[in-house]
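Let's take a look at how side chains meet in this protein. Have the viewer ready and follow along.

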Amino acid sequence: MTTQEIVSKLWNLCHVLRDDGITYHQYVTELTYILFLKMAKETGQEERIPEGYRWEDLRRRSGIELKKFYRELLAELGEKGRGRVREIYQGASTSIDEPKNLEKIILNIDSLDWYSAQEEGLGNLYEGLLEKNAGEKKSGAGQYFTPRVLIDVMVRLMRPQAGERCNDPACGTFGFMIAADRYVRSRTDDYFDLDDDAVTFQKKEAFTGCELVHDTHRLALMNAMLHGIEGEILLADTLSSAGSSLKGYDLVLTNPPFGTKKGGERATRTDLTFASGNKQLNFLQHIYRSLKPGGRAAVVLPDNVLFADGDGASIRVDLMNKCRLHTVLRLPTGIFYAQGVKTNVLFFSRATTDKGATDEVWFYDLRTNMPSFGKTNPLTQEHFAGFEAAYDAEDRHAVQDERWRAYSRADITAAGESLDLGLIRDAGVQDQEDLPDPADDAEACIADLEEAVDLLQGVVRELRLLEREAR
């Protein structure tokens, strides 16, 4: 049985819980609680779980006894579990009310082909569930799930290296950091090329994150654990005082949440130069301030960050002074949970100076004249081929691609410090020079009217003649 088949079976179990009124997101959270116990047994890591609250203790119960024990188990692991176990179960509660539904889920999980699942990777299995959840519009999970193909492109272009400190300040389910870990492993023979200290660093310190939403934080912890990553994942708001300690990174990869703080309130961070009610502008400030000199970042941001005036313009100027903002990728619409959201990826690196770090910015338009993306026409790696070739070109000016264009720092200043640039001509819109000359249109209309008048006058004459004959 393949990972995809197991994911489908697990996902189909959510229909069992319809009568309990459980949402897709709640279902994935419940699955996390139960799957953790089963996976700990399958991987021989049950020592992390207190005796009496392990998989077999859960599996052998049924009915009301099972329901009561399950609630007790969640509370016990949240209070007495060790390390990641306690983090995952802290504050856990269940939404499953019907004991038979709970029993059916446990028995179905127990009967799956776990040998095949381990062969393909339990982490891949769990990621598949998260991706399935994000694909369901009703789940609302798409807001924290970045398309895997986009994550992989960003990671490939950023090239994380062994020994680097990587962070995602809005980590969701930890997808960026898992992809970065996967990239480093692929270039170090799964860390076998590293010495013991370097391996310890990679597992415990290299990949970290911060997530505000408690349930999503649980999913991130589970995802990280199943991929062998033990780095710190804070349950906190990066835009609060807790985020001020997140700094000194070699690499930041992230897709911050879109929108404004409730009531337009400002971030509670006191160390941000420009206070704003716009979350993305505050995250952008945090990100470039969190990089050490030479550190780099790739960040998904909505269009408003490129052109917002006031604090927005000041933040863009500050970014281009402190960092070399070298590339902006204009992304297609429809690749995120909200079809109308227009997004971009900003690529930049922290300079050693705080003035004049950016001299030109390259833009790649992957939005104009692109198909509509969705379930029937998913975004693929091939769609990024032109951009990756241009990005990695030894001489960017030699690239022949109409989607690829550079703007000097002076050009950007002339545009009012706006970065809303680089979009090519839409083939569906006529240029002004292609439209008929209004003067020509007027002359044609006059000629047509004169001809119509002549015809009407002729008709009137004919009618008068007929009238005379009738007399």
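Predicted model: local features only at pLDDT ≥ 70, side-chain atom pairs only at ≥ 80, totals over all residues.

Residues are numbered from 1 along each chain as its sequence is written, and side-chain values use heavy atoms, with hydrogens and water left out.

**Aromatic rings**
- Tyr364 and Trp404 belong to one aromatic cluster with Phe347, Trp362, Phe387 and Tyr391.
- There are eleven aromatic pairs in the structure (rings of Phe, Tyr and Trp, the last by its six-membered ring, with centres within 6.5 Å; planes under 30 degrees apart are stacked, over 60 edge-to-face, the rest tilted).
- Tyr364 and Trp404 make a tilted pair, with 6.0 Å centre to centre and 50° between the planes.

**Salt bridges**
- The whole structure has 27 salt bridges (a side-chain nitrogen of Lys or Arg within 4 Å of a carboxyl oxygen of Asp or Glu).
- One of them joins Lys38 to Asp110, with the closest N and O atoms 3.1 Å apart.
- Lys38 is buried because its relative accessibility is 4%, while Asp110, at 25%, counts as partly exposed.
- Arg367 and Asp303 also meet in a salt bridge, at 2.8 Å from N to O, and both are buried.
- Through shared partners, salt bridges join Lys38, Glu42, Glu56, Arg59 and Asp110 into one network.

Key:
Buried < 20%, exposed > 50% of the residue type's maximum accessible area, 1.4 Å probe, protein only.
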